Structures are given as C-alpha cells and as structure tokens.
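Let's walk through this model together, going from a loop to the core and then along a helix. Keep the structure open beside you as you read.

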Amino acid sequence: MERQLKGVDLIVMIAAYSKHATSWSAAEIAKKYDLPFTNTSSFSVQSFERALYRAAMGMRAYEPGGTDQADYRLSK
C-alpha cells in the first residue's frame, strides 16, 4: 500500500469500503509522507466533497458530529 500511496496528493478513506487496519495503515503512510488524510463515511457526492474540503483546508480527517459542526465556507 505504501508504494501505491506515497506519490498521491491526498488520501481519502471511504469507511464503508475499508477495514480498520487499512484505515490505520493509510493514516500512518499519510503522516510519514506529510500527505493530507481525510475520511468519509460513504461515497455520496456531498460526503466526498466535504472530505476533500477538510483535506484541502487542513481540517481534521473525520466529519465532526453533534454540536461540533465544521464550517464549510465557500470562497467568493
């Protein structure tokens, strides 16, 4: 997996299609190569877009829940 991921721009893990060990390995590789890493619960368009936004903006990998909502601002 490291050989496949070390040349990418960022890593997006889709939780519905991955195992815990895969997610942990990908997160370690992202850290080793200083790559943005983010996670999404599904492959829906909105969920994936939000994950890409979090990665691009340096936000945490996982979607916040409860009262801790992320601020997804659109640039003008």
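Start at Asp34, which is found in the loop between H2 and S2; helices (H or I, at least four residues) and strands (E, at least two) are DSSP runs, numbered from the N terminus. This is a predicted model, in which local features need pLDDT of at least 70 and side-chain atom pairs count only at pLDDT 80 or more, while totals for chains, interfaces and linings use all residues. Residues are numbered from 1 along each chain as its sequence is written, and side-chain values use heavy atoms, with hydrogens and water left out.

Asp34 has a relative accessibility of 70%, so it counts as exposed (buried means under 20% relative accessible area, exposed over 50%, partly exposed in between, with a 1.4 Å probe and protein chains only). Its C-alpha atom is separated by 9.8 Å from that of Asp9, 25 residues apart along the chain.

Now look at Leu35. Leaving aside neighbours within four places in sequence, Leu35 is in contact (heavy atoms within 4.5 Å) with Leu5, Val8, Asp9, Ile11 and Ala30. Leu35 also belongs to the largest nonpolar core, whose nine residues include Met13, Ile29, Phe37 and Ala61. Such a core is a set of buried Ala, Val, Leu, Ile, Met, Phe, Trp, Tyr and Cys residues joined through side-chain atoms within 4.5 Å. S1 and helix H2 (20–32) each supply at least two residues of this core, and the largest share, three residues, comes from H2.

Next comes helix H3 (residues 45–56). Which residues of H3 are buried? They are Ser47, Ala51, Arg54 and Ala55. Seen down the axis, the buried residues of H3 fall within an arc of 100°, so they line one face of the helix; the arc is that of the directions from the helix axis to the C-beta atoms. Strand S1 (11–14) and strand S2 (37–40) are among what covers them. The face turned away carries the exposed residues Val45, Gln46, Glu49 and Ala56. Just after H3, Gly58 takes a positive phi of about 70°.

Finally, find the one aromatic pair in the structure. The rings of Phe43 and Phe48 have centres 5.4 Å apart and planes at 70°, so the pair is edge-to-face (centres within 6.5 Å make a pair; planes under 30 degrees apart count as stacked, over 60 as edge-to-face and the rest as tilted). Phe43 is exposed at 54% relative accessibility, whereas Phe48 is partly exposed at 24%.

Technical notes. Phe/Tyr/Trp six-rings, centres within 6.5 Å; stacked < 30°, edge-to-face > 60°.
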